[in-house]
Structures are given as structure tokens and as C-alpha cells.
Amino acid sequence: NHVSSICSTWGREHFKTFDGDVYQFPGMCEYNLVSDCHDTFPEFSVHMKRKESDGNPTVSYVVVTISDFVFHLSKDVVTVNDQPVKLPHYQAGVQMERNAVYIKLQSKVGIIVMWNLDDAVMVEIDNDYTNHTCGLCGDFNGVPVYNEFLLDGRKISPIEFGNIHKVHRPNDECEDPYEEEDVSQEQNTCEEMLHAETWSSCAKLIDPEPYIQACVQDMCGCTNHSDDFCVCSTLSEFSRQCSHAGGEPPNWRTSEFCAKQCPSNMVYEESGSPCVDTCTHQDTSSFCEDHKMDGCFCPPGTVFDDISMRGCIAQSECQCKHGKIYESGEVYRQEREECTCFEGRWACESLSTPSTCAVEEGSHVTTFDGKDFTFHGDCYYTLAKVERKDDASPKFTILVKLVPCAHQEYDTCLKTLKILLNNDRNNVLTFTADGTVKQNMQSITLPYFSGWSDNKELKI
């Protein structure tokens, strides 16, 4: 249960502080939702502004400031210090990403901001900021009302409280909301919905009364009572708070009531893991530590195709990508390994590749493992000796004769190279510095072909 570290706003005018107060403030200006007010220079701030869209309020934009970086979130574009960026985007310890329902901003300073691109914004902060915040989200001291709705010893209204946190922008013509008298209540309808048996598990964790009052305010402010928005926004928020509290909200939406549309063949759920299994990351949900939330999810038994963007598919249909797209069963080869695509994963095997040993300029040696050293000799030396692994493998010994060079006594020259076939001293190939090649002391002319042994062919 992490409800106490979450502040949220939704619907026409509703706010829930970190300390649990639910109140109504219909301001349409830009307001400080929450900021770190403990230090002279705040570590972060979150501002937001609403506007009317087709008769219903929606969040116009959210501005998150962290140190010297300003992240401006709107439906059409996301900017960092006025420069447009594409999501997902990581900069200065801030990760921004977007799914079918939310834009999410998460920072290492201990703040998460989520906006459903419509009416609802949620801010979650670390407990390190306890009693250090200000704004419409309150002071995060764990005590409702105190100090949010007290000013100089007197109790203030939500309207006066909200107006205190207005952000004054140059040339921004925006009027403060004013106090209104109570209007007729739609109490019964809202009580019937939120006291229904389907919500009983949530009601044990979250007091429904503030949300019933929010629902009443929504319905009273509606000009068209057939509009789902009158009640959907508060029911959605109550469902989200239930998930934050560790509950399992019911699937209360229908195709005729507060319906949600999802892309491709995804389905909408009230409470699911935000860590989506995909073709390239098939175990994400197994290691997920994020809280459950509402959103669009793949049906059970499927993963999201993040390679060809075909929506939710069976894992067996997943492709692989390495420069280009590979179907399951196709092979990608590179210098030292061969990889086969299998249900979105690469199964790779190391390839046996020839290794090289060399003697250069008579004294510079490179081993099979790539090590280099210099050696001045005056004798026969074993360069390499191979014993047979099995009946199909060859065995041989390579000997080199190193001697001081005739005209450069401080240098070493490679005089002779001998290959003992089958490690047999009576079956020897000899190569000398003058170009002579002999087999068992008999000179041979190149190219040369001969049987070796055990039906093996010798080719020089």
C-alpha cells in the first residue's frame, strides 16, 4: 500500500493530497501541483494546467522541472529545455516513456509523474520528502487538513488554498475561481455505484465517502447527464487508488459505460503489471517491482510484438532482430558464432575457427593464443605437436631449425622446417631455406599430391 506517497488530480476539479484530503478546486490557470519547498532552490517542481475540451476539462500540459532541466509534456509533443524529443527518452537521470494510456516520467531524485493524456495526473514521491513539499498536493506531513487548509490560524476553503498555488506567467490572462454556493446533490446515484458489492474489496482499503462527494460534484457540474464523463473520471480514480492500496478493483466498465479503447488486439484492465512482456524482453513481468495500474495489456498467453509491431501474439510467433528481422528458425552467422532465432530469442553456438602460430624473421614467435615473444636459437625446436583426439583426427609434429644468420650474426634465421606426419620420424616432410622440399630425403616437385595414411591425402 503506497497511497500515502501519491497525490493525484482527476475529472473536472478533484484533488487528493499526499495526506489523504480529497477536495475540489476548479482553477483553469497553471498551478504548482507539488514542489520541494524545503530548500531555497527546489530540487523539483511539477506544474499543470487544465483547459476545456468539448465541454469537459482536460489537462492541457504538465511541466516537470528537475535542477536545470525543464520537461514539458503535452499530447502532441514532449520537450526538454524547449527542444522536442521522441519517447522513450533518457536524460539527466530522467526516464520518459509512453504506452497506450500514460506518459510516465521517472527521476532518480525520487519522483514519478504519470499523466493519462486526458484528465488525470498522478505524482508519487519518496519518503525523503516528508514534510518538505508544497503545492496543491499538500505538505506530505501525514496529517490531513493540517497545514494545507489552515492559514495564520484560520481554516481556509479549497478555493482559497488552490489560488495560493497559482503560477504567475507573463501575459497569462487567467481568472481565479470563486466560491459557489452548494447546489442540489446527486447523492443517491453516486452512493449506489460506489457502495455496490463489486467495489466492496476496495471499500475496505479506501474510504469511498470523499469519492462519493467528488462524484456528486461531477454530476452537478454536468450539463449533459448522458455524458459518461460525469461519473467515469471519479470511478476511474477510485479504481486507481484501490490498486495503489494493494486491492483488486473490479472490471466495472462495459461497452456502453465508461468504455476504453486499446490499440491492436490489446485489452483494457483495471489493474495489471505495467511491465509488459515483449518479444525482445519476454521476462519483464517476472522481475517487475512497479505497482499495478490500469491500462492496455496483452491477453494471457501472448506477448507484445515490439519488432514488427503486430500487436499481441503468441511467443512462438516472435521474430528476432539483428540489423534486419529474422523469422523463427532462421540463422545469423558471424565470424565466431552461429545464432538461430527461436521464438524471439537467439540460440548461439561458437564456431571452431583455425588458430595460427607463426615464426617471422627467424626469431619473432606468435603463439596460437596470440602471445608474441622473441627467441634467438641455434638448434631444432618443436614449434607445435598435435596428438590424435580420435581416429578421424590427424596427428603431427612441426620442428623448426633456428640458426644465427650467415651475414648478420646477431640475428636468427629459420633454416629448416620439418613436419613429422603421424608423429613418425620415418615419414617426414622437409622444407629448407633454399626452396627445396623433400619427403623422406627424396626431393619432390611442387605442386605435389600423395597419400598420407589412413586414406588421408597430402597436398603441397
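Reader: Which residue forms a salt bridge with Glu 270, and how far apart are the closest N and O atoms?

Author: A salt bridge is a side-chain nitrogen of Lys or Arg within 4 Å of a carboxyl oxygen of Asp or Glu. Here Glu 270 pairs with Arg 253, and their closest N and O atoms are 2.7 Å apart. Glu 270 belongs to strand β18 (residues 267–272) while Arg 253 sits in the loop between α5 and β18, so the pair ties together parts that are 17 residues apart in sequence. Helices (H or I, at least four residues) and strands (E, at least two) are DSSP runs, numbered from the N terminus. This is a predicted model, in which local features need pLDDT of at least 70 and side-chain atom pairs count only at pLDDT 80 or more, while totals for chains, interfaces and linings use all residues. Residues are numbered from 1 along each chain as its sequence is written, and side-chain values use heavy atoms, with hydrogens and water left out.

Reader: Is Glu 270 buried or exposed?

Author: Buried means under 20% relative accessible area, exposed over 50%, and partly exposed in between (1.4 Å probe, protein chains only). Glu 270 has a relative accessible area of 3% and is therefore buried, and Arg 253, at 16%, also counts as buried.

Reader: Where do Arg 240 and Glu 237 lie?

Author: Both are in helix α5 (residues 229–244), three residues apart, which is about one turn of the helix. Arg 240 and Glu 237 form a salt bridge with their closest N and O atoms 2.9 Å apart, and both residues are buried.

Reader: How many salt bridges does the count come to?

Author: By this rule, the count comes to ten salt bridges.
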